[in-house]
Amino acid sequence: MSIALALVAAIVYGASDFLGGLASRRAATLAVVIWSQATGLVLLAIALPLFGGHAVPGDLLWGALCGVAGAVAIASLYRGLAIGTMGIVSPISAVLGASIPVFYGLIFRGEHPTVYATIGIVAALLAVVLVSAPGRGAQLLPAGIPEALLAGLGFGAYFIALAQTRAAAGMVPLLAARATSVVLLVAGGLAFGGLANVRLARPAFALVALCGALDVSANVLYVLAAHGGLLSLVAVLTSLYPAATVALAAIVLRERLGRVQWIGVVLALGGAAVISAGK
């Protein structure tokens, strides 16, 4: 079940990131992040009774740390998606976001995936690298790459911190994470740019609302998956979200990908299948 949840989370994450990047091309990036996170916060608070759970102070602390890492990660990612090529920025953030929890799970938690699952992990990580390969004539360091690297570090820390919470806490740590990120983002926006950084352009409202709803749904799916399976597997499967982002960018924005990048997309799907078979 955790494998299936992680795969669905990856698809939903990919769609959410695409919408967030698209909205950031129509409105200020920080405003998009703030309102998408706020939308998710409201929806999560409404749905919280459905999941139950009892959180102890440690769960709330890990949740708050998730919020700090998540705020940095999502703001960096949306900025990168807005100024760069989605088919490159998204995979680069994913390969870092996946690699950090994988090695953490192997080294510090003593996790031992099966041989087939390990092959799947390697294939998945290779896939996001191939998808991020620039095409012919492209710059060695395309626009948005620094933002993608920072986002990857943030996501890696986010996934690790969220996995430290107890399953008995339900979605309370996730609520703490989202509340922390909203407070930090609003405070930062007001401190460094005033209301201009917080106001959201009207044409972006629908995109931002849908983005926030999908993002919080993906987070819920990830929490359920992380509590039910190996962190090293769940994190890698979740990191396959660039396949959805790349596909949507190619269909909607007509972004052209090279042969190597398409091979990476196919390899990502194959890696997911191998991990599922070797769980």
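The lining of the largest cavity divides into ten nonpolar, five polar and three charged residues. The model is a predicted one. In this model the largest cavity is lined by 18 residues. Ile-74, Phe-155, Tyr-158, Asp-215 and Asn-219 lie nearest its centre. The largest cavity holds about 210 Å³ of space. The count of cavities of 30 Å³ or more comes to two.

Several helices contribute to this lining. Helices H1 (2–24), H3, H6, H7 and H8 each supply at least two residues. H3 gives the most, with five residues.

Two salt bridges are present in the structure. One joins Asp-59 to Arg-166, with the closest N and O atoms 2.9 Å apart. Asp-59 lies in helix H3 (residues 57–83), while Arg-166 lies in the loop between helix H6 (145–163) and helix H7 (172–193), so the pair ties together parts that are 107 residues apart in sequence. Asp-59 has a relative accessible area of 2% and is therefore buried, since the cut-off for buried is under 20%. Arg-166, at 33% relative accessibility, counts as partly exposed.

The other salt bridge is formed by the side chains of Arg-178 and Asp-215, at 2.9 Å from N to O. Arg-178 belongs to helix H7 and Asp-215 to helix H8 (residues 205–228), so this pair ties together parts that are 37 residues apart in sequence. Arg-178 is buried, with a relative accessible area of 4%. Asp-215 also counts as buried, at 6%.

How values were computed:
Residues numbered from 1 in each chain as written. Predicted model: local features only at pLDDT ≥ 70, side-chain atom pairs only at ≥ 80, totals over all residues. Heavy atoms only, no water. Salt bridge = Lys/Arg side-chain N within 4 Å of Asp/Glu carboxyl O. Helix = DSSP H or I, 4+ residues; strand = E, 2+ residues; numbered from the N terminus. Buried < 20%, exposed > 50% of the residue type's maximum accessible area, 1.4 Å probe, protein only. 1 Å grid on protein atoms, 1.4 Å probe; cavity = no way out; pocket = protein on both sides within 12 Å on 5 of 7 lines; lining within 4 Å. Points joined across faces, edges and corners; volume = space filled by probe spheres on them. Nonpolar A, V, L, I, M, F, W, Y, C, P; charged D, E, K, R; others polar.
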